[in-house]
Amino acid sequence: MKKTGIMGGTFNPIHNGHLALAQSALEQFALDEVLFMPCGVPYMKADQHVEDGQIRAEMTALAIEGRPHFRLSLIELEQESNTYTYQTLERLKSENPETVYYFIAGADSLFHMTKWARPERIFADCRVLAAVRDDKTTEDMEAQIRFLEQQYSAKIHLLQTETMDISSSGIRRKVAAGESIADMVPETVRIYIERKRLYR
């Protein structure tokens with residue numbers, strides 16, 4: 001069975017933290033590849049300005065260029081309406097029945113997945129790799145995992161990754177303030193943001 005990781009997100013913009021998390025998942029769980037999947041219409045971020053999907057996809061492509069195990073997936077950007085993780089997973093499983101999918105999530109996502117659309121279908125179609133980070137301890141994470149396993153028969157594994165104090169919102173604030181983001185995003189992405197005059 002092929003083992004494919006899914007790194008989803010708004011990627012507004014993609015940053016070094018996303019890449020480090022995906023690399024940790026690739027190595028620790030011997031994945032064959034990781035799909036970087038910019039979301040389409042992010043219904044949970046309706047109150048925020050999100051750059052056009054093509055721009056976010058182009059930044060993602062630049063960020064993963066030269067990394068043979070990382071691939072860009074446009075499956076959610078192709079949707080004209082709200083995109084839901086459970087629908088994406090069902091489509092992937094239908095098209096690739098011999099693939100096991102691993103959904104890569106930060107600690108914050110693990111604690112919010114019950115509020116996503118049809119969480120029981122998400123947990124049925126993938127394993128979740130949850131990173132220990134943010135303000136959650138390993139004990140917090142393990143308690144949440146036990147709850148999700150009991151509630152949804154979820155298959156969840158803890159993912160160890162280095163702590164990186166980087167967020168897309170922080171990058172946007174720095175760009176708007178004219179501050180450097182050179183240590184937060186790949187150089188190709190930094191140049192793209194500068195050339196397109198994004199987040200100003």
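The charged end of Lys136 sits over the ring of Phe111, 4.4 Å from the ring centre. A charge counts as over a ring if NZ of Lys or CZ of Arg is within 6 Å of the ring centre and within 35 degrees of the ring normal. The model is predicted: local features need pLDDT of at least 70, side-chain atom pairs count only at pLDDT 80 or more, and totals for chains, interfaces and linings use all residues. Residues are numbered from 1 along each chain as its sequence is written, and side-chain values use heavy atoms, with hydrogens and water left out.

Aromatic pairs number 5. Rings of Phe, Tyr and Trp (its six-membered ring) pair if their centres lie within 6.5 Å; planes under 30 degrees apart count as stacked, over 60 as edge-to-face and the rest as tilted. The ring centres of Phe11 and Phe36 are 6.2 Å apart and the planes meet at 40 degrees, so this pair is tilted. The pair joins distant parts of the chain, 25 residues apart. Phe11 lies in the loop between β1 (2-9) and α1 (16-28), and Phe36 in strand β2 (residues 33-38). Helices (H or I, at least four residues) and strands (E, at least two) are DSSP runs, numbered from the N terminus. Both Phe11 and Phe36 are buried. Buried means under 20% relative accessible area, exposed over 50%, and partly exposed in between (1.4 Å probe, protein chains only). Together with Phe70, Phe11 and Phe36 form one aromatic cluster.

Helix α2 (residues 53-64) packs against helix α8 (residues 187-196) at about 150 degrees, with the axes 8 Å apart. Axes are lines fitted to C-alpha atoms, for helices over the stretch in contact, and angles run from 0 to 180 degrees between N-to-C directions. The angle makes α2 roughly antiparallel to α8 (under 35 degrees is roughly parallel, over 145 roughly antiparallel, 65 to 115 roughly perpendicular, the rest oblique). On α2, the contact (heavy atoms within 4.5 Å) is made by Ile55, Glu58, Met59, Leu62 and Ala63. On α8, Thr188, Val189, Tyr192, Ile193 and Lys196 contribute.

Most residues other than glycine have a negative phi, and most peptide bonds are trans. The bond from Asn12 to Pro13 is cis, with omega near 5 degrees. Pro13 is in the loop between β1 and α1. Ala30, in the loop between α1 and β2, has a positive phi of about 50 degrees. Tyr199, in the segment after α8, has a phi near 65 degrees. Tyr199 is buried, with a relative accessible area of 9%.
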